[in-house]
Amino acid sequence: MTRPVSPDPETGLPSISPAWVRATVFGALWGGLEVTLGAFLHALRLPLSGVWMAAAGIVILVSGLAVFPARGFLLRAGVVCMLLKLVSPGPALLVPMACILQEALVLELVAGGARPSAWRSALGGGVTTLSTLLQYIAAAWMIYGWDIIRIYYEVGRKILKWVNAPEDWLWWAIAAGIVLIFLIGLAAGALGFRLGVRVRRLREARHA
């Protein structure tokens, strides 16, 4: 049985648990970034825009986890960000909302917990940014089917032919791109943990 929510003595309304309050703060920061900068980058169709937005979200969420370590923190923040995405301009909202929730879930599974660490935060960031690549591939497959892989392969071959590069370089380019995306998330996770630890130490020194 779930524990009943005690009402606030002043308003008589159900009180919100501190875990949700803390997660809402950082989830709202991520959501505000998605609604503003995310919509702008999506409109410009810049390369790796989804990866950069995921990296920004990783920095925000991991820093929050380092300040308020708790199980489920990252997933709660992702739910808040997903709901805020509803006010984002544009007709297609279901897929971005699902992607946000997936990123928060992956980050929670890898880096979440009551005892976050630097290496888990970095690893979680890398795996989360790689999940954005899978999102893009899945979305393209649902729209175009398996032919999209052949199309990308042929486009890559033509590009290499134009620059007089060997065809084997295509696979090296794909591998380099995957590594780059992972490293972006790795750096975001490490940066978020470092920022969060600094903030936590300042809070502890202030309350000492």
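Predicted model: local features only at pLDDT ≥ 70, side-chain atom pairs only at ≥ 80, totals over all residues.
Residues are numbered from 1 along each chain as its sequence is written, and side-chain values use heavy atoms, with hydrogens and water left out.

**Exercise 1. Summarise the protein chain as a whole.**

Step 1. Count the elements: the protein chain has seven helices and zero strands.

Step 2. For burial, 37% of the 208 residues in the protein chain are buried.

Step 3. Now take the contacts with a separation of 6 or more: 70% of them join residues 24 or more positions apart.

**Exercise 2. Describe how α1 packs against α3.**

Step 1. Start with the geometry. Two packed helices are described by the angle between their axes and the distance between the axes. The axes of α1 (residues 18–44) and α3 (residues 73–84) come within 7 Å and cross at roughly 45 degrees. Axes are lines fitted to C-alpha atoms, for helices over the stretch in contact, with angles from 0 to 180 degrees between N-to-C directions.

Step 2. Name the orientation: α1 and α3 are therefore oblique to each other. Under 35 degrees counts as roughly parallel, over 145 as roughly antiparallel, 65 to 115 as roughly perpendicular, and the rest as oblique.

Step 3. List the partners. On the α1 side, the contact includes Trp 20, Phe 26, Trp 30 and Val 35, and on the α3 side it includes Phe 73, Val 79, Val 80 and Leu 84.

Step 4. Sort the residues of the contact of α1 with α3 by class: 13 are nonpolar, four polar and three charged. Ala, Val, Leu, Ile, Met, Phe, Trp, Tyr, Cys and Pro count as nonpolar, Asp, Glu, Lys and Arg as charged, and the others, Gly among them, as polar.

**Exercise 3. Describe the other two contacts of α3, with α4 and with α2.**

Step 1. The axes of α3 and α4 (residues 94–111) come within 8 Å and cross at roughly 170 degrees, which makes α3 roughly antiparallel to α4.

Step 2. Phe 73, Leu 74 and Met 82 are among the α3 residues in this contact, and Met 97, Ile 100 and Leu 101 among those of α4. By class, the contact of α3 with α4 has 13 nonpolar, one polar and one charged residues.

Step 3. The axes of α2 and α3 come within 10 Å and cross at roughly 135 degrees, which makes α2 oblique to α3.

Step 4. Leu 61, Val 62, Gly 64 and Leu 65 of α2 meet Phe 73, Leu 74 and Ala 77 of α3. That contact of α2 with α3 divides into six nonpolar, one polar and no charged residues.

**Exercise 4. Contrast two loop residues, Lys 85 and Arg 115.**

Step 1. Lys 85 lies in the loop between α3 and α4, and Arg 115 in the loop between α4 and α5 (118–144).

Step 2. Lys 85 is buried, at 8% relative accessible area, whereas Arg 115 counts as exposed, at 74%.

Step 3. Leaving out residues up to four places away in sequence, Lys 85 touches Glu 34, Val 35, Leu 93, Pro 96, Met 97 and Ile 100.

Step 4. Arg 115 and Phe 68 are 47 residues apart in sequence and 9.8 Å apart in space, C-alpha to C-alpha.

Definitions and conventions: Helix = DSSP H or I, 4+ residues; strand = E, 2+ residues; numbered from the N terminus. Contact = heavy atoms within 4.5 Å. Buried < 20%, exposed > 50% of the residue type's maximum accessible area, 1.4 Å probe, protein only.
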